[in-house]
Amino acid sequence: MLSRADATTRLTEAKHEQELDFVDLADAIDRDEVWTASLVFGDVSASETEARELCARLGIEDEAVVDALQREPYKGDEEATIPSDPMLYRLYEIPQVYGDAIKACVHEEFGDGIMSAIDFECHVDRIEHDDGDRVRITYEGKFLPYKKW
């Protein structure tokens, strides 16, 4: 059985060799580019059709990769660490600086609860700006109120 990590290696190598981007792959399976990147990196699982279409787009003819893409991933690190990659570190830094404020604003607007990361979408957009292009990351998740019992 091929590990998810080995499948990711095969997928990313094929993506690089063919000079494809995540938009190309997302178009092939009719999904968003962020979700598709999560699939390639092993953080979400695909249907059989999605797995086969992704592999076909990448020229991968290996049932082990198709099978690996359909397995449920393990989510989260065993030992949580703050990443050293500058882009990932900034994504950790944002809730460290603004997390309490964002949480307070969500609670004022919706009440006591959380934003789902299951019923969820994330989009990355380029915003042209005179001082240099900007990155817009949009999180959209279903609000889940805490229940009383």
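## A helix with a bend

Let's begin with helix α6, which covers residues 86-110 and bends by about 65° at Tyr98. Keep in mind as you look that this is a predicted model.

Both ends of the helix are worth a visit. After α6 comes Gly111, which has a positive phi, near 105°.

## The largest pocket

Now turn to the open spaces. The largest pocket has a volume of about 1,600 Å³, and 32 residues line it. To find its centre, look for Val34, Ser38, Asp43, Phe120 and Cys122, the lining residues that lie nearest to it.

Two or more lining residues come from each of α3 (33-40), α6, β1 (113-127) and β2 (134-145). Strand β1 provides the largest share, nine residues. By type, the lining of this pocket has 21 nonpolar, five polar and six charged residues.

## The second largest pocket

The second largest pocket has a volume of about 670 Å³. Its lining is made of 21 residues, and those nearest the centre are Ile94, Pro95, Ile102, Met115 and Tyr139.

Which elements each supply at least two residues of this lining? They are α6, β1 and β2. Here α6 gives the most, with 12 residues. The lining of the second largest pocket divides into 13 nonpolar, four polar and four charged residues.

Technical notes. Residues numbered from 1 in each chain as written. Predicted model: local features only at pLDDT ≥ 70, side-chain atom pairs only at ≥ 80, totals over all residues. Heavy atoms only, no water. Bend = angle between axes of the 7 residues up to and from the residue. Helix = DSSP H or I, 4+ residues; strand = E, 2+ residues; numbered from the N terminus. 1 Å grid on protein atoms, 1.4 Å probe; cavity = no way out; pocket = protein on both sides within 12 Å on 5 of 7 lines; lining within 4 Å. Points joined across faces, edges and corners; volume = space filled by probe spheres on them. Nonpolar A, V, L, I, M, F, W, Y, C, P; charged D, E, K, R; others polar.
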